[in-house]
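My entries below keep the order in which I looked things up.

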Amino acid sequence: MKSLFEINQGINRPELARRFLQNGRVQVRNVLTPQTAQELLSILKQQTRWSMAIFSDENAVAEAKSFKSDDIKRAGGAERVNRAAASAEALSAEGRYAFRYAHYPIVDALNERWDPNGPHEILLEHLNAPEFLNLAREVTGIKELIRADAQATLFAANHYLGHHTDSHVAQGWRIAYVLNLAPDNWHPDWGGYLLFLDDEGDVVEGFRPRFNALNLFLVPQNHLVSYVPPFAPNSRFAITGWLSDR
């Protein structure tokens with residue numbers, strides 16, 4: 001039986017903790033064993049029914065919307081997605097928050113029983129198991145982390161995540177994470193970078209999408225995922241979410 005999620009035991013946790021302490025963010029490369037990282041990528045590519053996540057202000061109401069794959073396939077579904085995407089682009093043109101990317105909301109799928117005992121539910125169990133949470137605690141120095149949520153994300157052509165901070169401290173969010181499963185040959189011109197900004201809008205650090213690399217960073221913190229241009233030949237697969245203390 002194939003394993004879905006195994007932590008690489010060769011990770012230099014003290015060194016990563018030192019780097020995290022400096023800036024409140026770090027990239028953990030080769031975080032999983034190669035075999036389980038490949039298995040996780042195959043699930044995202046072959047067993048995931050992608051929805052579209054779009055933040056827009058249609059009807060003068062700015063909010064996040066999720067368009068399920070079945071709804072998109074129905075009559076008028078693609079048109080609704082395109083209208084929402086155009087609204088998101090208009091928000092971004094005004095310098096306001098917006099986003100557009102494909103996602104599979106794993107927690108919603110679990111609660112609504114989309115695929116009982118399927119691989120995404122098993123992945124969520126692994127993310128909440130001691131092995132992963134202890135890694136996050138040791139690297140970040142935050143011993144109070146007790147829970148992880150998760151969504152699968154896919155950034156393809158014309159996708160992006162606008163500048164924001166993740167200021168949900170009242171909900172217990174302490175750390176944001178991105179488990180990247182992008183192709184190893186990801187080129188800078190293809191966008192999809194996780195960028196961190198200072199208060200003047202200058203980029204102070206950026207993480208290239210990599211295969212089997214875990215980004216951990218404190219929230220709130222100014223960041224974005226840069227626009228993936230139409231000519232990008234590959235998609236940026238990842239598992240993303242937050243680690244909470246309640």
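**Entry on strand 11.** I looked up Arg29 and found that its bridge partner in strand 11 is Ala213. Strand 1 (residues 25–29) and strand 11 pair in the antiparallel sense over five bridges, where helices (H or I, at least four residues) and strands (E, at least two) are DSSP runs numbered from the N terminus, and two strands pair if DSSP finds at least two bridges between them. The model is a predicted one, in which local features need pLDDT of at least 70 and side-chain atom pairs count only at pLDDT 80 or more, while totals for chains, interfaces and linings use all residues. I also noted that residues are numbered from 1 along each chain as its sequence is written, and that side-chain values use heavy atoms, with hydrogens and water left out.

Next I asked how many residues of strand 11 are buried. Seven of its eight residues are, so strand 11 is largely enclosed by the rest of the structure; buried means under 20% relative accessible area, exposed over 50%, and partly exposed in between (1.4 Å probe, protein chains only).

**Entry on strand 8.** I then followed strand 11 (residues 211–218) to strand 8, with which it pairs in the antiparallel sense over seven bridges. Tyr177 stands opposite Leu216 in strand 11, and Val178 stands opposite Asn215 in that strand. Strand 8 (residues 173–181) has eight of its nine residues buried, so it is largely enclosed by the rest of the structure. Seven bridges also join strand 8 to strand 13 (residues 236–244), the two running antiparallel, and there I found Leu243 as the bridge partner of Ile175.

**Entry on the cores.** Which residues of the largest nonpolar core touch the most other members? Of its 71 residues, they are Leu127, Leu214, Leu216, Ile239 and Leu243; such a core is a set of buried Ala, Val, Leu, Ile, Met, Phe, Trp, Tyr and Cys residues joined through side-chain atoms within 4.5 Å. Apart from this core lies another, of nine residues, among them Leu194, Phe207, Val219 and Ala238. I also listed the contacts of Ile239, leaving aside its neighbours within four places in sequence, and they include Leu40, Leu127, Gln151, Tyr177 and Val178, contact meaning heavy atoms within 4.5 Å.

The largest pocket has a volume of about 780 Å³. I wrote down how this is defined: on a 1 Å grid over the protein atoms alone, a cavity is a set of points where a 1.4 Å probe fits but cannot get out, whereas a pocket is an open set with protein on both sides within 12 Å along at least five of seven lines, and lining residues have an atom within 4 Å of a point. Grid points are joined across faces, edges and corners, and a volume is the space filled by probe spheres set on the points. The largest pocket is lined by 37 residues, of which Tyr101, Gln151, Trp173, Thr240 and Trp242 lie nearest its centre. The second largest pocket has a volume of about 200 Å³, and its lining includes Arg49, Tyr104, Asp115 and His120.

**Entry on the cavity.** I counted one cavity of 30 Å³ or more, and Tyr104, Ile106, Ala109, Leu110, Asp115, His120 and Glu121 line the largest cavity. Helix 5 (106–111) and helix 6 (119–127) are the elements that give two or more residues to this lining, and helix 5 gives the most, with three residues.
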